[in-house]
Amino acid sequence: MERVISWSSKKQDSVAKSTAEAEYIAASLAADQAVWFRKLMNDLKQPQIHPTELFCDNLSAVAIVKNPILHGRTKHIKIKYHSIREMVNEGEVQVLHCDSDDQIADIFTKGLHKFRFETLRDKLGMSSISVKEE
């Protein structure tokens with residue numbers, strides 16, 4: 001199975017009041033990217049049959065995506081970020097929980113102990129190159 005990964009780091013446009021809100025906003029931006037990729041693939045005559053899977057390691061953010069009843073806690077979030085709910089309802093995106101231990105992106109975003117770094121590096125299919133001084 002082929003996989004496409006898009007990764008970027010940038011300062012968010014808004015200030016989040018919680019980690020759940022920050023993750024929800026990040027998931028919404030990732031969903032925008034996923035839908036753009038889906039449209040590109042469709043233009044290239046490679047339509048995507050199944051929803052694009054987005055993995056999020058914050059259970060609260062996943063709950064906000066799946067449960068619009070949480071409106072009281074999320075009404076301060078800008079409307080543009082709630083578009084992720086429409087993408088889920090239309091079957092373009094599926095938001096799934098990913099345990100923090102399985103979050104491979106941590107290698108790009110956090111300072112890690114050697115064992116954790118090597119484990120994630122191996123999951124990416126990368127190897128270590130030994131450099132000998134002459």
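From the N terminus on, the elements of this protein run α-β-α-α-α-β-α-α. That makes six helices and two strands; both kinds are DSSP runs, helices being H or I with at least four residues and strands E with at least two, numbered from the N terminus. The model is predicted, so local features need pLDDT of at least 70 and side-chain atom pairs count only at pLDDT 80 or more, while totals for chains, interfaces and linings use all residues. Residues are numbered from 1 along each chain as its sequence is written, and side-chain values use heavy atoms, with hydrogens and water left out.

Two totals next. Of the 134 residues in the protein, 28% are buried. Buried means under 20% relative accessible area, exposed means over 50%, and partly exposed is in between, with a 1.4 Å probe and protein chains only. Contact means heavy atoms within 4.5 Å. Among contacts between residues at least 6 apart in sequence, 62% join residues at least 24 apart.

Now helix H1. H1 has 25 residues and spans 36 Å from its first C-alpha to its last, close to the 36 Å expected at 1.5 Å a residue. The expected span is 1.5 Å times one less than the number of residues. Which residues of H1 are buried? They are Ala 20, Glu 21, Tyr 24, Ile 25, Ala 27, Ser 28, Ala 31, Ala 34, Val 35 and Arg 38. As background, an α-helix has 3.6 residues a turn, so residues three or four places apart point the same way. The cover over the buried residues of H1 includes strand S1 (52-56), H2, helix H4 (83-89) and strand S2 (93-97).

Next, the packing of H1 on H2. Two packed helices are described by the angle between their axes and the distance between the axes. Here the axes of H1 (residues 19-43) and H2 (residues 59-66) come within 8 Å and cross at roughly 60°. Axes are lines fitted to C-alpha atoms, for helices over the stretch in contact, and angles run from 0 to 180 degrees between N-to-C directions. H1 and H2 are therefore oblique to each other; under 35 degrees counts as roughly parallel, over 145 as roughly antiparallel, 65 to 115 as roughly perpendicular, and the rest as oblique. On the H1 side the contact is made by Ala 20, Glu 23 and Tyr 24, and on the H2 side by Ser 60, Ala 61, Ile 64 and Val 65. By class, that contact has five nonpolar, one polar and one charged residues. Ala, Val, Leu, Ile, Met, Phe, Trp, Tyr, Cys and Pro count as nonpolar, Asp, Glu, Lys and Arg as charged, and the others, Gly among them, as polar.

Ser 60 counts as partly exposed because its relative accessibility is 41%.

Just after H1 comes Lys 45, with a positive phi of about 60°. Most residues other than glycine have a negative phi. Lys 45 is in the loop between H1 and S1. Is Lys 45 buried or exposed? Lys 45 counts as exposed, because its relative accessibility is 67%.

Arg 121 lies in helix H6 (residues 114-123) and counts as buried, because its relative accessibility is 16%. Leaving aside neighbours within four places in sequence, Arg 121 is in contact with Ile 107, Met 126, Ser 127 and Ser 128. Ser 128, in the segment after H6, counts as exposed because its relative accessibility is 51%.
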